[in-house]
Amino acid sequence: MRRWIPFMNKDPVVAVVRLQGTIATSGRSLNDASLASIIEKAFSGKPVAVALQINSPGGSPVQSSLIAARIRRLAEEKNIPVYAFVEDVAASGGYWLACAADEILIDRGSIVGSIGVISSGFGLSDFISRHGVERRVHTAGQSKSQLDPFKPEKPEDVERLEGWLTDLHAFFIDWVKSRRGSKLPDEDLFTGEIWIGDRAVEKGLVDGIGHLVPEMKQRFGDKVKFRRYSQKKSILRRFGAEIAFDAIGGIEERAAYARFGL
């Protein structure tokens, strides 16, 4: 009967966007290009709120920034509140995404934080010399081959890299302070440390303990409906045509989660 009477109130709808995995520019990862249409759709149709289901160990700071900026722009344009619900982990870039929400709620076992920037790799110069391999590199521009893993590390290159990491770290800190500043205690929480559950609440990194469905029902009533959005697999992946690609991506993603014991 209700559908024939347009002026009758409809049940409230919460749009749920799932953000799971590492954050990177391509592949199976979370990135702004693959999430743009999903996020735009979530904010359409006049939901009473958008809920972010986050389970991410982090990744690219630029992609984290682009995704978070898109969420904030739509939230402010449409005047829709955003809630983040953390599952296993929202660390580094994952926490960057969580800060796009007006409130962050977690499980008592959730891992959050890791507000820092990391660069890692391997030095293979001794390895190739022991095996009689000669490295030949020709450049135009004295810094073009900086940080080449097949050449000995140079102090000036390391100093330059540390400067980049410091700049990115400052960018991350500015974002967290802009979103959580008034809730953070007067102590340094930007060391890359992580916190779990109640400790994260005490530190002001999140707003409380809570799960998506009961929390949204408490706020918007028992009749609230959930409209869910997430990344879809390509046709090739659905039929197993990208097995090798998924295997490599899965190893990298597994390593990212393993840093937090997951």
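Modeller: Buried means under 20% relative accessible area, exposed means over 50%, and partly exposed lies in between (1.4 Å probe, protein chains only). This is a predicted model, in which local features need pLDDT of at least 70, side-chain atom pairs count only at pLDDT 80 or more, and totals for chains, interfaces and linings use all residues. Residues are numbered from 1 along each chain as its sequence is written, and side-chain values use heavy atoms, with hydrogens and water left out.

Biologist: Is tyrosine 83 buried or exposed?

Modeller: The cut-off for a buried residue is under 20% relative accessible area. Tyrosine 83 has a value of 9%, so this residue is buried.

Biologist: How many aromatic pairs does the structure hold?

Modeller: Rings of Phe, Tyr and Trp (its six-membered ring) pair if their centres lie within 6.5 Å; planes under 30 degrees apart count as stacked, over 60 as edge-to-face and the rest as tilted. By this rule, the number of aromatic pairs in the structure is three.

Biologist: Which kind of aromatic pair do tyrosine 83 and phenylalanine 220 form?

Modeller: The ring centres of tyrosine 83 and phenylalanine 220 are 6.4 Å apart, with 75° between the planes. Planes over 60 degrees apart define the class, and the pair is therefore edge-to-face.

Biologist: What is the angle between the planes of tryptophan 96 and phenylalanine 171?

Modeller: Tryptophan 96 is buried at 3% relative accessible area, whereas phenylalanine 171 is partly exposed at 38%. Their rings form an edge-to-face pair, 5.1 Å centre to centre, and the angle between the planes is 80°.

Biologist: Which residues form one aromatic cluster?

Modeller: Tryptophan 96 and phenylalanine 171 form an aromatic pair. The aromatic cluster is formed by Trp96, Phe171 and Phe172.
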